[in-house]
Amino acid sequence: MKTKQFVLGVCVALVTLGAAFAGSADEKAVRDADEEWSKVAGAKDLDKTVAFYADDAIVMPPNQAAVTTKDGIRNLWKGFLDSLQEISWKTTRVEVAKSGEMAFLTGTYEMTMKDGTKDHGKYCEVWEKKGSTWKVGIDMFSSDLPAQPASSPAPGAAEKK
């Protein structure tokens, strides 16, 4: 009887340990993928930067509508990369779903525009495992800097008397 309990205990421990290692392997894989993504964006490689997105990805940039097509995402990044001198980001937190098929990352970014203006902020990404590859499904980011007032009122914003 004691042998059966011991064997059962060892099996439970091994299953738990195996799940923990699988989780940490997925965490490392998605963290590494995000780090590589930051490097290729910093190198201003448009094709490689966009390749990190899933085909059905959504990008939610600040102060504009969500971008929901691969062409739209490519155009968004082309505009970014054309206006940037430097960009980088660093993951601060990774959570992998128990299924091992989805993860979310949060972190901070820094960028310098060609005109010398600097920005820094935070981001949240949802990554999806597509086969054995991690792809970005949702990408959202926002600046930590105070919002700038509009230079002129939007059309139709003036009060009517």
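The model is predicted, so local features need pLDDT of at least 70 and side-chain atom pairs count only at pLDDT 80 or more, while totals for chains, interfaces and linings use all residues. Residues are numbered from 1 along each chain as its sequence is written, and side-chain values use heavy atoms, with hydrogens and water left out. The structure holds 10 salt bridges.

**Sheet and helix packing**

- Helices (H or I, at least four residues) and strands (E, at least two) are DSSP runs, numbered from the N terminus. Two strands pair if DSSP finds at least two bridges between them.
- Strand 4 and strand 5 run antiparallel and pair over 10 bridges.
- K130 stands opposite T133 in strand 5.
- Contact means heavy atoms within 4.5 Å.

**Salt bridges**

- A salt bridge here is a side-chain nitrogen of Lys or Arg within 4 Å of a carboxyl oxygen of Asp or Glu. The structure has 10 of them, including the pairs D47 with R74, D82 with K78 and D144 with K122.
- D47 and R74 bring their closest N and O atoms to 2.7 Å. D47 lies in helix 2 and R74 in helix 3 (residues 70-83), so the pair ties together parts that are 27 residues apart in sequence.
- D47 is partly exposed at 48% relative accessible area; R74 is partly exposed at 31%. Buried means under 20% relative accessible area, exposed over 50%, and partly exposed in between (1.4 Å probe, protein chains only).
- D82 and K78 meet in a salt bridge of 2.9 Å, N to O. Both sit in helix 3, four residues apart, which separates them by about one helical turn.
- D82 is partly exposed, with a relative accessible area of 42%. K78 is also partly exposed, at 41%.
- The side chains of D144 and K122 form a salt bridge at 2.9 Å, N to O. This pair links distant parts of the chain, 22 residues apart: D144 in the segment after strand 5, K122 in strand 4 (residues 118-130).
- D144 is partly exposed at 42% relative accessible area, and K122 is partly exposed at 37%.

**Two single residues**

- T49 is found in helix 2 (residues 46-51). Its relative accessible area is 0%, so T49 counts as buried.
- T49 touches W37, V40, A41 and W77, not counting residues up to four places away in sequence.
- A147 lies in the segment after strand 5 (133-143). A147 counts as exposed because its relative accessibility is 75%.
- A147 and N63 are 84 residues apart along the chain. Their C-alpha atoms are separated by 9.8 Å.
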